Amino acid sequence: MKKLMTMLALFMSFCMVCAPMAQAETMKSLRGSEAVKGDAPSENYRWEKDRKPLPRQFVQQPPLIPHTTKGYLITKEFNKCLDCHSWDRTADTGATKVSITHFKTRGGTELTNISPRRYFCQQCHVPQTDAKPLVGNTFKPADGLVK
Ligand code: HEC
Ligand code: HEC
């Protein structure tokens, strides 16, 4: 009886591991089979020229980065973006102060410095290159933002 149970247990674990593999589907991405040429921006794309801040498409949009960010490192110890955008630097650098919303934690506590959930700026703010859009898009800016 014990032997039978062991066999059964072995068989069950085999099914659990191998069945999903057999069912695996081939994934189809929205951009079809065209591969991304590399991490944008990379040597495959050209940076757009630095310019004035870009118009926003909806009120809560993280503003696009209107300048190149080549070599701007963000590590545990140092954040290149804050080198210009932190409140104590903007008078000298002419950069926009990070938004006041960036000091609030997930739990709603206001910190005296940037909140960890806003530390990795490029999670939300993206620089501009000459990369073509991967998929079509019919988005129209919010009424309140159209001149
Ligand atoms: C050398 C200084 C400097 C560094 C470093 C820097 N910026 Fe900037 N940034 C600026 C300046 C100057 C502006 C333009 C301000 C203006 O013209 O009103 C700007 C504009 C922006 C804007 C547009 C703000 C708006 O209201 O539309 C965003 C977003 C931004 N930067 C994000 C970043 C991020 C993210 C990084 C790091 C990857 C970064 N910046 C690094 C100087 C800097
Ligand atoms: C989780 C997304 C997210 C992250 C991460 C983030 N931001 Fe933002 N940022 C936003 C959004 C959304 C806005 C516009 C609404 C607002 O002000 O909160 C914004 C606004 C801004 C503005 C414009 C402020 C103004 O007064 O117009 C600047 C400058 C900026 N962010 C810089 C940064 C920098 C520098 C970092 C990294 C230290 C960063 N952000 C990280 C989402 C983010």
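Apart from neighbours within four places in sequence, Cys84 is in contact with Arg89, Thr90, Thr93 and Ala95, where contact means heavy atoms within 4.5 Å. The structure is a predicted model, in which local features need pLDDT of at least 70 and side-chain atom pairs count only at pLDDT 80 or more, while totals for chains, interfaces and linings use all residues. Residues are numbered from 1 along each chain as its sequence is written, chains are lettered from A and ligands numbered from 1 in the order in which they are written, and side-chain values use heavy atoms, with hydrogens and water left out.

Cys84 is placed in helix α2; helices (H or I, at least four residues) and strands (E, at least two) are DSSP runs, numbered from the N terminus. With a relative accessible area of 30%, Cys84 is partly exposed. Buried means under 20% relative accessible area, exposed over 50%, and partly exposed in between (1.4 Å probe, protein chains only).

An unreviewed UniProt entry places the feature "binding site" at His67, Cys81, Cys84 and His85; such positions are given in the numbering used here, feature names are shortened, and annotations may be inferred rather than shown by experiment. These residues span 19 residues in sequence, yet no two of their C-alpha atoms are more than 12.8 Å apart, so they gather at one spot. The lining of the largest pocket includes His67, Cys81, Cys84 and His85. On a 1 Å grid over the protein atoms alone, a pocket is an open set of points with protein on both sides within 12 Å along at least five of seven lines, and lining residues have an atom within 4 Å of a point.

His67 lies in the loop between α1 (2-23) and α2 (80-85) and is partly exposed, at 26% relative accessibility. Beyond its neighbours within four places in sequence, His67 is in contact with Asp50, Tyr72, His85 and Pro127.

His102 lies in the segment after α3 (90-93) and His125 in the segment after α3, so the pair ties together parts that are 23 residues apart in sequence. His102 is buried, with a relative accessible area of 12%, and His125 also counts as buried, at 18% relative accessibility.

How values were computed:
1 Å grid on protein atoms, 1.4 Å probe; cavity = no way out; pocket = protein on both sides within 12 Å on 5 of 7 lines; lining within 4 Å.
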